[in-house]
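Biologist: Can you walk me through this one? I have the viewer open.

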Amino acid sequence: MELKQFKIAVLPLRDKLLSYARKLTDDHSDAEDAVQEVMLKLWNLRPKLDEYHSIEALAMTMTHHTCMDILLSLIHISE
C-alpha cells in the first residue's frame, strides 16, 4: 500500500479510533498515545494491509489491545 492509499484507507479512521480509545481509557492523553501507536503500527504494516478483509476492524482491534496494554501498565505502576 502506497502513501496515497494509506491516506485514503487509514487516516480517516483516526477520529473513530480516538473516540473508541477515549471510551476505553477515560483519558484524552492516553487515548492520543494509543491511537498514535496504532497509526504507526498500521504504517509499518502497510505492505500487508491489502491482505486484510477490513482495515477498520484491524485498526479497532489494535486500538483495543493498545488501550488494554496502557491500562494494565497503569495498574502495575500503582501497585
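**Salt bridges first**

Modeller: K41 forms a salt bridge with E37, and their closest N and O atoms are 3.3 Å apart. Keep in mind that this is a predicted model.

Biologist: How are K41 and E37 separated in helix α3?

Modeller: By about one helical turn, because they are four residues apart in helix α3.

Biologist: Are K41 and E37 buried or partly exposed?

Modeller: K41 is partly exposed, at 35% relative accessibility. E37 is partly exposed too, with a relative accessible area of 36%.

Biologist: How many salt bridges does a search of the whole structure find?

Modeller: Three. One of them joins the side chains of R14 and E32, at 2.7 Å from N to O.

Biologist: What about the accessibility of R14 and E32?

Modeller: R14 has a relative accessible area of 29%, so it counts as partly exposed. E32 is partly exposed as well, at 23%.

Biologist: And which side chain does K16 meet in a salt bridge?

Modeller: That of E56, at 2.3 Å from N to O. Here too the pair links distant parts of the chain: K16 is in helix α2, E56 is in helix α4, and they are 40 residues apart.

Biologist: Why would such side chains pair at all?

Modeller: Side chains of opposite charge can pair when their charged atoms come close.

Biologist: Stay on K16. What else does it touch?

Modeller: Not counting residues up to four places away in sequence, K16 touches E56 and M60. K16 is partly exposed, at 43% relative accessibility. E56 is partly exposed at 31%.

Biologist: How far apart are K16 and W43 in space?

Modeller: 17 Å, C-alpha to C-alpha. In sequence K16 and W43 are 27 residues apart.

Biologist: New topic. How many residues has α2, and how far does it reach?

Modeller: Twelve residues, with 16 Å from its first C-alpha to its last. That is close to the 16 Å expected at 1.5 Å a residue.

Biologist: Which residues of α2 are buried?

Modeller: L17, L18, A21 and T25. They cover an arc of only 100° around the axis, so they sit on the same side of α2.

Biologist: What is exposed on the other side of α2?

Modeller: D15 and K23.

Biologist: What does the side chain of T25 reach?

Modeller: The backbone oxygen of D27, at 3.1 Å. Leaving aside neighbours within four places in sequence, T25 is also in contact with D30, A31, C67 and L71.

Biologist: Where does T25 sit in the helix numbering?

Modeller: In helix α2, which covers residues 14–25. After α2 comes D26, whose phi is positive, near 60°.

Biologist: And at the start of α3, what does D27 do?

Modeller: A side-chain oxygen of D27 reaches to within 3.1 Å of the backbone nitrogen of S29.

Biologist: What span should α3 have, and does its geometry agree or disagree?

Modeller: It agrees. The 18 residues of α3 should span 26 Å at 1.5 Å a residue, and its end C-alpha atoms are 26 Å apart.

Biologist: Last topic, the core. How many residues has the largest nonpolar core?

Modeller: 20 residues. Those with the most contacts inside it are F6, V10, L17, V35, L42, L49 and I55. The elements giving two or more residues to this core are α2, α3 (28–45) and α4 (55–78).

Biologist: Take I55. What is it in contact with?

Modeller: M1, A9, V10, L13 and L49, leaving aside neighbours within four places in sequence. V10 and L49 are also among the core residues with the most contacts.

Conventions
Residues numbered from 1 in each chain as written. Predicted model: local features only at pLDDT ≥ 70, side-chain atom pairs only at ≥ 80, totals over all residues. Heavy atoms only, no water. Polar contact = N/O pair within 3.5 Å; in protein donor to acceptor, adjacent residues only side chain to side chain. Contact = heavy atoms within 4.5 Å. Core = buried A, V, L, I, M, F, W, Y, C linked by side-chain atoms within 4.5 Å. Buried < 20%, exposed > 50% of the residue type's maximum accessible area, 1.4 Å probe, protein only. Expected span 1.5 Å × (residues − 1). Arc of directions from axis to C-beta. Salt bridge = Lys/Arg side-chain N within 4 Å of Asp/Glu carboxyl O.
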